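Work through the exercises below with the model open. Try each task before reading its solution.

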Amino acid sequence: MSEVFDLVIIGGGPGGYNCAIRAGQLGLKVACVEKRGVLGGTCLNVGCIPSKALLHASELYDTAKNKFASLGIIADAVRVDLPKMMGQKEEAVGGLTKGIEFLLKKNKVTYIKGAGRILDAGNVEVTDASGAKSTLQTKNIVIATGSEPASLPGVEIDEQRVVTSTGALSLEKIPARMVVIGAGVIGLELGSVWKRLGSDVTVVEYLDRICPGMDLELAKAFQKTLTKQGFKFELGQKVTGLEKTKSSLKLSYEPAAGGAAKTLEADVVLVAIGRRPYIEGLGLEQAGVKLNQRGFIEVDHWKTSV
């Protein structure tokens with residue numbers, strides 16, 4: 001493109017699209033580059049919105065199955081139609097992502113589908129789905145690429161049987177046994193969905209408590225609630241490996257402080273040990289953008305080293 005933008009934003013999630021809308025309202029010539037092919041980022045597509053849709057649906061199912069009778073409401077043979085439940089989740093996601101695209105258009109933001117790579121302080125290369133490349137000239141660049149699920153050595157993710165939060169939001173059948181690696185909010189939230197729908201859920205956590213970012217008293221109360229719902233917890237345990245067989249998954253783990261190894265069998269393993277910055281293929285090193293040891297971009301009042 002020969003035109004010069006005031007601002008090019010790489011990433012169309014909650015950081016990027018809000019930035020694009022506001023910059024457009026302030027009169028800047030803005031382009032928003034998003035490689036997913038749909039706006040909204042992790043939050044709208046494979047995070048907050050679909051997980052809350054499934055939490056809501058699974059809670060209603062659990063209430064109808066286990067609590068209606070005590071209220072004098074007879075609802076015999078309540079069952080789950082998983083494809084339909086997933087369909088209403090996708091419907092909620094689709095409506096919101098289309099709404100964001102409308103807001104970008106309304107505020108005269110150029111929406112470009114493709115993967116952005118920073119060539120230097122004034123140029124962003126975009127590679128579209130077909131592999132074709134183009135270069136956007138710009139006065140300013142905003143990096144809003146968000147995060148991705150962190151991986152675990154020795155546990156190969158296939159998003160079918162060994163899943164991240166992304167795969168756990170789109171399982172095609174209810175697993176009889178699910179093991180969640182990581183007792184943070186994402187693992188417990190998605191574990192709750194599948195526990196309510198009928199899975200036997202065990203959580204394996206390296207620390208001796210759940211939700212390390214939460215107040216300890218709240219975390220203890222939360223764990224009691226989850227235990228009453230049927231969750232099993234293996235705390236202070238380190239995952240050492242995962243064996244895949246045709247019929248099941250065998251997760252090996254041992255006490256973090258040292259001790260005898262144990263094994264858990266599961267149909268689905270959810271790896272939810274946190275998230276890391278998504279910086280792959282951005283060209284940050286080439287552009288001179290400094291990172292810290294954890295892979296986060298170093299900033300001074302949100303400005304990078306460039």
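**Exercise 1. Describe how strands S14 and S15 pair, and how the chain links them.**

Start with the pairing. Strand S14 (residues 237-244) and strand S15 (residues 249-255) run antiparallel, with 7 bridges between them. Strands here are DSSP runs (E, at least two residues) and helices are H or I runs of at least four, both numbered from the N terminus. Two strands pair if DSSP finds at least two bridges between them.

Lys 238 stands opposite Glu 254 in S15. Then find the link: a hairpin of 4 residues joins S14 to S15.

This is a predicted model: local features need pLDDT of at least 70, side-chain atom pairs count only at pLDDT 80 or more, and totals for chains, interfaces and linings use all residues. Residues are numbered from 1 along each chain as its sequence is written, and side-chain values use heavy atoms, leaving out hydrogens and water.

**Exercise 2. Follow S15 to its pairing with S16.**

S15 pairs with strand S16 (residues 262-266) in the antiparallel sense, over 5 bridges. Leu 249 has Ala 266 in S16 as its bridge partner. These two strands also form a hairpin, with 6 residues between them. Look at Gly 258 in the turn: its phi is positive, about 105 degrees.

**Exercise 3. Locate the largest nonpolar core and examine Ile 210.**

A nonpolar core is a set of buried Ala, Val, Leu, Ile, Met, Phe, Trp, Tyr and Cys residues joined through side-chain atoms within 4.5 Å. Buried means under 20% relative accessible area, exposed over 50%, partly exposed in between (1.4 Å probe, protein chains only).

The largest core has 31 residues. Leu 188, Trp 194, Val 203 and Ile 210 have the most contacts inside it. Elements giving it two or more residues include helix H3 (48-66), helix H6 (185-196) and strand S12 (200-205).

Take Ile 210 next. Beyond its neighbours within four places in sequence, its contacts (heavy atoms within 4.5 Å) include Leu 188, Phe 222 and Phe 233.
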